[in-house]
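Dear colleague,

Please find below the structure I promised to hand over. My findings follow directly after it, so that you may read them with the coordinates open.

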Amino acid sequence: MSTDLVRLTQAADYAARQHIAQRRKGERAEPYINHLTEVAALLAEATDGNDIVLLMGGLLHDTLEDTDATYEDLQERFGPDVASLVAEVTDDKSLPKEERKRLQIEKTAGKSRRAKLLKIADKTSNLRSLVASPPAGWSRQRLSDYVVWAHDVVRSCRGLNPRLEAAFDAAHQEASRQFG
Ligand code: ZN
């Protein structure tokens with residue numbers, strides 16, 4: 001019987017391996033795992049580390065979208081709750097980018113509490129990265145559009161966790177100051 005700490009460590013290890021060759025889009029090209037550990041840390045702090053499924057989901061949230069991991073892999077390794085949480089926050093990559101972005105705004109309201117918390121943490125990390133290390137090829141307009149879009153997605157996730165919302169609002173404020 002694996003303890004929570006063992007499961008969490010296994011999720012971190014699996015995420016690091018799955019994303020091993022990937023880097024963040026910013027000019028610093030940070031290792032992708034930095035994003036995943038930041039998201040998990042935001043979630044841990046906001047929930048006092050009381051929800052192991054949420055933290056594992058934070059570490060694994062981009063595995064279905066950006067790596068060759070399958071739903072079955074996640075289910076087998078980490079259980080059905082973690083697998084379905086990751087599936088809930090995964091975009092349908094067969095759709096065009098703009099459509100996926102529109103759907104994130106539209107569909108997030110109907111998602112589970114955990115999925116909404118994960119969305120807030122994900123967007124918080126992304127906005128922090130945008131400020132710390134903006135992607136080299138992005139125009140000011142594109143940066144500004146992202147900041148507005150992130151705010152629109154998070155709008156339907158509010159009312160669940162004041163601490164996490166405060167972290168998002170701080171990141172959003174900073175990003176708006178830079179690119180708004
Ligand atoms: Zn992410």
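In helix H9, the buried residues are Leu 143, Ser 144, Tyr 146, Val 147, Trp 149, Ala 150, Val 153 and Val 154. Please bear in mind throughout that this is a predicted model. An α-helix has 3.6 residues a turn, so residues three or four places apart point the same way. The cover over the buried residues of H9 includes helix H7 (97–107), helix H8 (113–132) and helix H10 (162–179).

H9 runs from residue 140 to residue 155. Its 16 residues should span 22 Å at 1.5 Å a residue, and the end C-alpha atoms are 23 Å apart, which agrees. Val 148 also lies in H9, but this residue is partly exposed because its relative accessible area is 48%, between the limits of 20% and 50%. From Val 148 to Ser 176 the separation is 28 residues in sequence and 8.3 Å in space, C-alpha to C-alpha.

The protein as a whole

How many helices and strands does the protein have? The count is 10 helices and 0 strands, and the pattern along the sequence is accordingly α-α-α-α-α-α-α-α-α-α. For 180 residues, a compact globule would have a radius of gyration near 16 Å, and the protein agrees with this at 16 Å. Along the principal axes, the C-alpha atoms fill a box of roughly 50 × 35 × 30 Å.

Of the 180 residues, 47% count as buried. The accessible surface comes to about 9,200 Å², and carbon and sulfur atoms account for 50% of it. When contacts between residues at least 6 apart in sequence are considered, 69% of them join residues at least 24 apart. As to charge, there are 26 positive and 28 negative side chains, and the centres of these two sets lie 4 Å apart.

Helix H3

Helix H3 covers residues 52–60 and is mostly covered, with 9 of its 9 residues buried. These are Ile 52, Val 53, Leu 54, Leu 55, Met 56, Gly 57, Gly 58, Leu 59 and Leu 60. Which elements cover them? They include H1, H2, helix H4 (63–66), helix H5 (71–78), helix H6 (80–88) and H8.

Leu 42 lies in helix H2 and counts as buried, because its relative accessibility of 5% is under the 20% limit. Leaving out residues up to four places away in sequence, Leu 42 touches Ala 121, Thr 124, Ser 125, Arg 128, Leu 164 and Ala 167.

Ala 121 is found in helix H8. Is this residue buried or exposed? Ala 121 has 0% relative accessibility and therefore counts as buried. Apart from neighbours within four places in sequence, Ala 121 is in contact with Val 39, Leu 42, Leu 43 and Leu 164. Ala 121 and Ala 46 are 75 residues apart in sequence, while their C-alpha atoms are 9.4 Å apart in space.

Residues in the loops

With residues up to four places away in sequence not counted, His 19 touches Tyr 32, Leu 36, Asp 62, Thr 63, Asp 66 and Thr 67.

Ala 29 is placed in the loop between helix H1 (4–18) and helix H2 (32–46). Although Ala 29 is not a glycine, its phi is positive, at about 50 degrees. Ala 29 counts as partly exposed, with 28% relative accessibility.

Asp 48 is found in the loop between H2 and H3. Its phi is near 55 degrees, again a positive value in a residue other than glycine. With a relative accessible area of 53%, Asp 48 is exposed, because that value is over the 50% limit.

With kind regards

How values were computed. Residues numbered from 1 in each chain as written. Predicted model: local features only at pLDDT ≥ 70, side-chain atom pairs only at ≥ 80, totals over all residues. Heavy atoms only, no water. Helix = DSSP H or I, 4+ residues; strand = E, 2+ residues; numbered from the N terminus. Rg over C-alpha atoms; globule rule 2.2 N^0.38 Å. Buried < 20%, exposed > 50% of the residue type's maximum accessible area, 1.4 Å probe, protein only. Contact = heavy atoms within 4.5 Å. Areas by Shrake-Rupley, 256 points an atom, 1.4 Å probe, with all protein chains shown as cover. Lys, Arg positive; Asp, Glu negative; His and termini not counted. Charge placed at Lys NZ, Arg CZ, Asp CG, Glu CD. Expected span 1.5 Å × (residues − 1).
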